[in-house]
Amino acid sequence: AVRLVDEAEQPEDLNRALQPCQRAHDAARILGDTRGQTSAIALKAQVYAANGDLAGAASAMDEGLRLGRLIHDLGTVWLALTIRYAAAMEATDWQQAEDTLIEQHNLAVEVGDSETAGHLLNRLIQLIDYRSVMGL
């Protein structure tokens, strides 16, 4: 599946990668391999995002977020939150975008990344200001 994604030149090439991703996800679930599941889910989400389907990517990452938190896989959690934020902004779901920024900010603080926490706080303030000015 990774090779198919890496070699994809057209959207249909990316779509062909979804089937092996799903098989890998199913096999990892059967084996109880949580990290394998999160890897397969993240790859599926990347395929959806590469095809411009951020809502599909966010939906795919819902389980990845839950599993990533379970095993403390910060990379998967961060990817899931990033995709969730992008999908919320695209869908103009301002509350979801705001909640996701808060969650990312808290995670950055938790891991001691003050620079990223500061950037996220600035983005959150900009979003709150925008919502206020626009009456959203």
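**Exercise 1. Find which elements the buried residues of α6 pack against.**

Solution. The buried residues of α6 pack against α5 (74–90) and α7 (114–134). Buried means under 20% relative accessible area, exposed over 50% and partly exposed in between, with a 1.4 Å probe and protein chains only. The residues of α6 that count as buried are Trp-94, Ala-97, Glu-98, Thr-100, Leu-101, Gln-104, His-105, Leu-107 and Ala-108. An α-helix has 3.6 residues a turn, so residues three or four places apart point the same way.

The model is predicted: local features need pLDDT of at least 70, side-chain atom pairs count only at pLDDT 80 or more, and totals for chains, interfaces and linings use all residues. Residues are numbered from 1 along each chain as its sequence is written, and side-chain values use heavy atoms, with hydrogens and water left out.

**Exercise 2. Check the span of helix α6 against its number of residues.**

Solution. Helices are DSSP runs (H or I, at least four residues), as are strands (E, at least two), numbered from the N terminus. The expected span of a helix is 1.5 Å times one less than its number of residues. Helix α6 (residues 94–110) has 17 residues, so it should span 24 Å. Its end C-alpha atoms are 24 Å apart, which agrees. After α6 comes Gly-112, with a positive phi near 80°.

**Exercise 3. Decide whether Thr-38 is buried or exposed, and list its contacts.**

Solution. Thr-38 sits in helix α3 (residues 34–50). Its relative accessibility is 1%, so Thr-38 counts as buried. With neighbours within four places in sequence left aside, Thr-38 is in contact with Gly-64, Leu-67, Gly-68, Ile-71, Asp-73 and Thr-76.

**Exercise 4. Describe the chain as a whole.**

Solution. The chain has 7 helices and 0 strands, in the order α-α-α-α-α-α-α from the N terminus. Along the principal axes, its C-alpha atoms fill a box of roughly 45 × 30 × 20 Å. Of the 136 residues, 38% are buried. Among contacts between residues at least 6 apart in sequence, 46% join residues at least 24 apart.

Terms used: Contact = heavy atoms within 4.5 Å.
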